[in-house]
Amino acid sequence: MTAPQTLSLIDDPERLEARLKEIPQEPGVYYMRDRTDQILYIGKSKRLRSRLRSYFNGHDTRPRITLMMRQVVEIEVIVTDTEAEALALEANLIRQHQPHFNVLLKDDKKYPYLCITWSESYPRIFITRKRRMAKERDRYYGPYVDSRTLRTTLHLVKRIFPLRQRPQPLFKDRPCLNYDIGRCPGVCQTMISSEDYRKTVQKVAMIFQGRTRELEESLAAQMEKAAEDLNFEHAARLRDQIAGLKSLSADQKVALPDDTISRDAIALAADEHHACVQLFQIRAGRLVGRLGFIADAQSGEYGAILQRVLEEHYQTVDPVEIPAEILVQHELPDGEMLAEFLSQAKGRKVSIVAPQRQTKAELIEMVERNAGIELARTQKFADRNAEAMQDLAEILDLPELPRRIEGYDISHIQGSDAVASQVVFVDGLPAKQHYRHYKIKNPEVRSGRSDDFASMAEVISRRFRKYAAAKAKGEPLVPGNAKSSDFPDVVMIDGGKGQLSAVVNVLREMNLLEDIKVVSLAKQREEIFLPGESFPLETDAEQAGVQLLRRLRDEAHRFAVTFHRQQRTTRMRRSSLDEIPGLGHHRQKLLLAEFRSIDYIREASPEQLATVPGIGMQIAKQIYRYFHPGDEDAIDNIPEPTNSEAVS
């Protein structure tokens with residue numbers, strides 16, 4: 001760890017010069033650290049010593065860089081063999097450490113991705129807003145700006161090619177209707193080999209890689225071959241697929257005189273807070289993809305933002321997807337390095353150009369115009385959230401804007417499977433990483449006997465007990481930075497005065513009532529109640545602050561109901577199996593994983609039941625006897641289990 005009293009390098013010229021002399025004049029990556037050993041910035045360079053010296057010679061007067069250099073007390077470097085290695089290493093390190101002064105892309109789930117799960121034997125294709133990188137073989141395309149177009153494209157693709165239509169089989173021993181009408185090749189019953197199915201999925205991947213024309217030419221060649229072999233049925237299917245592909249891209253023309261070169265064009269529009277970036281993918285004169293990214297705006301660093309987006313994007317694509325030419329709105333700070341990296345990955349020259357006139361410049365203007373439209377939408381959404389939080393602060397007489405708001409709801413059916421939800425809005429937006437479920441543990445709440453007041457009091461007690469313990473010890477409720485704490489500014493209870501009174505009583509017992517701003521929102525008239533008040537606040541159900549609480553309430557209700565249904569379904573699936581002696585929770589899971597439902601387990605023979613791992617013949621007989629109490633003859637005719645079976 002760096003000593004707290006250590007001067008910054010800019011204030012210690014002798015140590016700075018000695019450190020710079022130690023740094024080699026080779027390509028690599030550098031770290032800049034502060035007094036607490038935190039990484040402030042990660043960068044790359046062809047010549048490390050020259051790049052680092054440029055930071056301290058005073059030529060870069062940007063306020064952000066000036067502020068950073070005042071905090072730098074140590075520099076570390078990692079030397080690489082090539083510039084391309086330095087670029088790849090820098091991108092991975094930035095993703096891992098998220099330094100404050102680097103350009104960071106926001107993953108706000110605004111734009112969707114298309115995922116192909118190549119890690120599975122039979123890959124799935126679906127749209128998601130969560131990009132999970134745990135499985136390296138899975139491939140994500142996007143993020144796409146127009147989610148409606150993406151869904152339409154995927155829908156048409158599933159009509160053109162026979163693909164897996166359902167995440168789970170509908171029947172255990174036969175395919176569903178999708179197989180009969182030619183929409184699915186029978187994946188659930190393995191009526192197609194994994195190798196053949198992956199070939200079909202590879203054709204779909206070519207569409208989202210922008211290689212539609214290449215795919216059309218390949219299918220046309222296969223169609224001609226099938227016709228020559230007198231396989232007219234197969235040729236007709238290929239003909240229909242080609243027609244579907246042409247209709248898919250019929251309206252995606254972009255007026256470019258040269259339709260033989262693949263290009264990407266990138267531009268941004270920015271305000272004081274956000275930069276909206278658009279990346280147009282043009283292949284053979286067609287606009288095949290429009291991707292969107294959001295970054296924190298940094299004044300005067302638009303080229304750095306574009307470079308960061310391009311580095312992040314091209315790190316995850318297949319080499320065949322890298323275009324021969326990339327048009328950029330602003331000059332990139334390390335454009336030559338990125339071009340060399342992409343050329344090496346693609347296996348042929350890739351050029352990065354900032355056009356100033358004619359058709360290419362007009363294309364950049366079109367991309368910038370679209371980015372401006374997205375920025376306006378982002379600004380409008382942000383302004384609406386800010387207005388709602390300001391209005392809520394005025395309604396509840398809060399000292400500042402409520403950054404973190406929590407909502408709670410109870411869900412059950414006459415007391416059975418009672419659960420609760422905790423949802424969180426941060427800056428007016430759902431923060432799903434902070435959502436929580438609760439199973440009601442109160443023994444008085446059971447089937448036929450419900451108590452929403454006691455259930456809500458239990459949930460609030462469990463949620464804030466650590467704060468009650470901290471306050472009892474005299475510790476601060478919000479340790480460290482308040483903005484990083486999970487302590488809420490407002491707690492909203494779904495219900496009226498009864499639910500609110502139950503929560504107030506438990507908070508008073510925990511000595512937290514003065515620290516937590518708690519309100520309730522009644523459904524009938526959207527009325528807001530405060531503790532100790534007999535009448536609701538005078539509000540309009542349509543004003544911005546009340547609408548924010550309504551969105552929070554509706555989300556809490558949805559989350560609670562969903563969890564309740566899951567618990568109820570699980571209980572109903574296992575209720576019959578729980579009554580079978582010797583069949584514990586683990587063996588129930590094994591049976592349900594194999595047979596999918598209680599109905600299939602009921603229809604299975606003892607021999608079929610015994611094939612499940614962990615289920616021997618003795619337990620199989622018990623299961624069969626439970627579902628067929630009058631069919632003892634079938635059980636008596638089954639041979640006695642061997643010693644190994646008896647042991648299992």
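Colleague: Which residues are linked in a network of salt bridges?

Modeller: Lys-44, Arg-51, Glu-90, Glu-311 and Asp-334. Mind you, this is a predicted model, where local features need pLDDT of at least 70, side-chain atom pairs count only at pLDDT 80 or more, and totals for chains, interfaces and linings use all residues. Side-chain values use heavy atoms, without hydrogens and water, and residues are numbered from 1 along each chain as its sequence is written.

Colleague: What makes Glu-311 and Lys-44 a salt bridge?

Modeller: Their closest N and O atoms are 3.0 Å apart. A salt bridge needs a side-chain nitrogen of Lys or Arg within 4 Å of a carboxyl oxygen of Asp or Glu, so the pair qualifies. Glu-311 sits in helix H10 and Lys-44 in strand E2, 267 residues apart; helices (H or I, at least four residues) and strands (E, at least two) are DSSP runs, numbered from the N terminus.

Colleague: Why is Glu-311 called buried?

Modeller: Buried means under 20% relative accessible area, exposed over 50%, partly exposed in between (1.4 Å probe, protein chains only). Glu-311 has 2%, so buried it is. Lys-44, at 4%, counts as buried too.

Colleague: And why does Lys-466 count as partly exposed?

Modeller: Because its relative accessibility is 48%. Lys-466 meets Asp-486 in a salt bridge at 3.2 Å, N to O.

Colleague: How do you know whether Leu-230 is buried or exposed?

Modeller: Its relative accessible area is 61%, so Leu-230 is exposed. Its phi is positive, near 65°, in a residue other than glycine.
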